[in-house]
Amino acid sequence: MTISILARDEESSALGGIAATGSLCVGGWVLRGTAVAGLSASQGTAPSTLWGEAVVAAMGNGADARTAVARVTEPDTGRAHRQLAALDRTGATGAFTGAQSIAFAATHEAPGLVIAGNMLTGPNVIEAAVEGFGQGATLPFAERLLAAMHAAAAAGGDARGLKSAALLVVARDRAPLTLRIDHAADPLGALSGLYHASQSEPYLSWTKVVPVEDDPHRAPAPDDKAARPEPMIDSGPLVRR
């Protein structure tokens, strides 16, 4: 009962996913992934977090996205109630929609892009996500994902409305961006606001000195005050009960 978008940025090779749903905590339930393996979105009326983790593990061990999806979904006797999308680090895709998925349910696959949705207001939701992603080609990658999801929501989105949204962007040369709005009246608006806060100082400079896949020992220079986190504000003495 969710819509998710997984994509690969051709310019930077970053992988990104965004999801939104009419239930709680979509980020914790749906999105999984790493820069070295790929991304997954596991959703449905009885979503399996095990599916999402297993697909990422399979891609990390060398399986392409389509093979990984088949390997994980085929043995599951409950697969009719689940939906899965995967994107490997090369941009290849795989997807599965169970036969008992609540309509409207479908997937869309293209090079470097896979969109999955169920309990949507109609096929125009996925079409709007595809169009929104294409129209955002000049935007920064994360903003392109946000634009695509806003377009999907404007076209009807989840038939129940939205309660939660999440964004995940991973790359070998940068810190992961993992943002979640677990319950809000306007989760996409809140997610956009959280994203823009994450691109502001001092947080942004701090993310540029933490370890990443391509530089696992990275740390601030001794005199790099700009990259150091601000001290915590003293809120007063601890009250023991």
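Student: Over how many bridges do β5 and strand β6 (residues 93–97) pair?

Tutor: The model is predicted, so that local features need pLDDT of at least 70, side-chain atom pairs count only at pLDDT 80 or more, and totals for chains, interfaces and linings use all residues. Residues are numbered from 1 along each chain as its sequence is written, and side-chain values use heavy atoms, with hydrogens and water left out. Strands are DSSP runs of E with at least two residues, and helices are runs of H or I with at least four, each numbered from the N terminus, while two strands pair if DSSP finds at least two bridges between them. β5 and β6 pair in the antiparallel sense, and the number of bridges is five.

Student: Which residue in the turn between β5 and β6 has a positive phi?

Tutor: The two strands form a hairpin, with four residues between them. A phi of about 100 degrees is found in this turn, and the residue that has it is G91.

Student: Which residue stands opposite A86 in β6, and which stands opposite A86 from the β4 side?

Tutor: Strand β4 (residues 38–44) also pairs with β5, in the antiparallel sense and over seven bridges. In β6, the residue opposite A86 is G94.

Student: Is M119, which has a positive phi, buried or exposed?

Tutor: M119 is not a glycine, yet its phi is about 55 degrees, and M119 is found in the loop between β8 (113–117) and α4 (124–135). Another residue other than glycine with a positive phi, near 70 degrees, is S13, in the loop between β1 (2–8) and β2 (15–21). S13 counts as partly exposed at 38% relative accessibility. M119 has a relative accessible area of 19%, so M119 is buried.

Student: What is omega for the cis peptide bond from E201 to P202?

Tutor: P202 is placed in the loop between α6 (187–198) and α7 (203–207). A cis peptide bond also joins A103 to F104, with omega near -5 degrees, and F104 lies in the loop between β6 and β7 (106–110). For the bond from E201 to P202, omega is near 10 degrees.

Student: What is the radius of gyration of the protein?

Tutor: The protein has seven helices and 10 strands. The radius is taken over C-alpha atoms, and the globule rule is 2.2 Å times the number of residues to the power 0.38. For 241 residues the rule gives 18 Å, and the protein is as compact as a globular protein of that length because its radius of gyration is close to that value, at 19 Å.

Student: What share of the contacts in the protein with a separation of 6 or more comes from residues 24 or more positions apart?

Tutor: Contact means heavy atoms within 4.5 Å. Among contacts with a separation of 6 or more, the share from residues 24 or more positions apart is 54%.

Conventions:
Buried means under 20% relative accessible area, exposed over 50%, partly exposed in between (1.4 Å probe, protein chains only).
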